[in-house]
Amino acid sequence: AHGIAPGDHFDSGLALALRERWPAMARDFRHFCQQSHPKPGTMWAWSGTGPHGPVRVVALLTQDGGYEHGA
C-alpha cells in the first residue's frame, strides 16, 4: 500500500517505480480519477500480473489535488 494524491502522475519515488513496472496500473489510476474524482481518504486497488504471479497494489489517497475537480 502507498499514499498518493488524486491524479498523481507517478513521476517520483515509489509511484514511479510502480509505473515503470506496471504502466497499465498508472493508466488505470488516471482513468479512475477522471471518472470518480476521488477525495482524500479514498482507497484504490489494482490487480495485475507480474513475473512471479498475481500483483495487487493498494493506494490510499492521502492528499488533495492532482487534478481539477469536475474537469
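Student: What order do the strands of the open sheet have?

Tutor: Strands (E, at least two residues) and helices (H or I, at least four) are DSSP runs, numbered from the N terminus, and two strands pair if DSSP finds at least two bridges between them. Here, three strands form an open sheet in the order 1-3-2, with mixed pairing. Strand 1 (2-4) and strand 2 each have a single partner strand and stand at the edges, so one side of each lacks a neighbour in the sheet. This is a predicted model: local features need pLDDT of at least 70, side-chain atom pairs count only at pLDDT 80 or more, and totals for chains, interfaces and linings use all residues. Residues are numbered from 1 along each chain as its sequence is written, and side-chain values use heavy atoms, with hydrogens and water left out.

Student: How many bridges join strand 1 to strand 3?

Tutor: Three bridges join these strands, which run parallel. Gly3 has Leu60 in strand 3 as its bridge partner.

Student: Which strands does helix 2 touch?

Tutor: Contact means heavy atoms within 4.5 Å. Helix 2 packs on the sheet and touches strand 1, strand 2 and strand 3.

Student: Which residues have the most contacts inside the largest nonpolar core?

Tutor: In soluble globular proteins, nonpolar side chains tend to be buried together. A nonpolar core is a set of buried (under 20% relative accessible area, 1.4 Å probe, protein chains only) Ala, Val, Leu, Ile, Met, Phe, Trp, Tyr and Cys residues joined through side-chain atoms within 4.5 Å. The largest has 16 residues, and Phe10, Met25, Phe29, Trp44 and Trp46 have the most contacts inside it. Helix 2 gives the largest share, five residues.

Definitions and conventions. Buried means under 20% relative accessible area, exposed over 50%, partly exposed in between (1.4 Å probe, protein chains only). Axes are lines fitted to C-alpha atoms, for helices over the stretch in contact, and angles run from 0 to 180 degrees between N-to-C directions.
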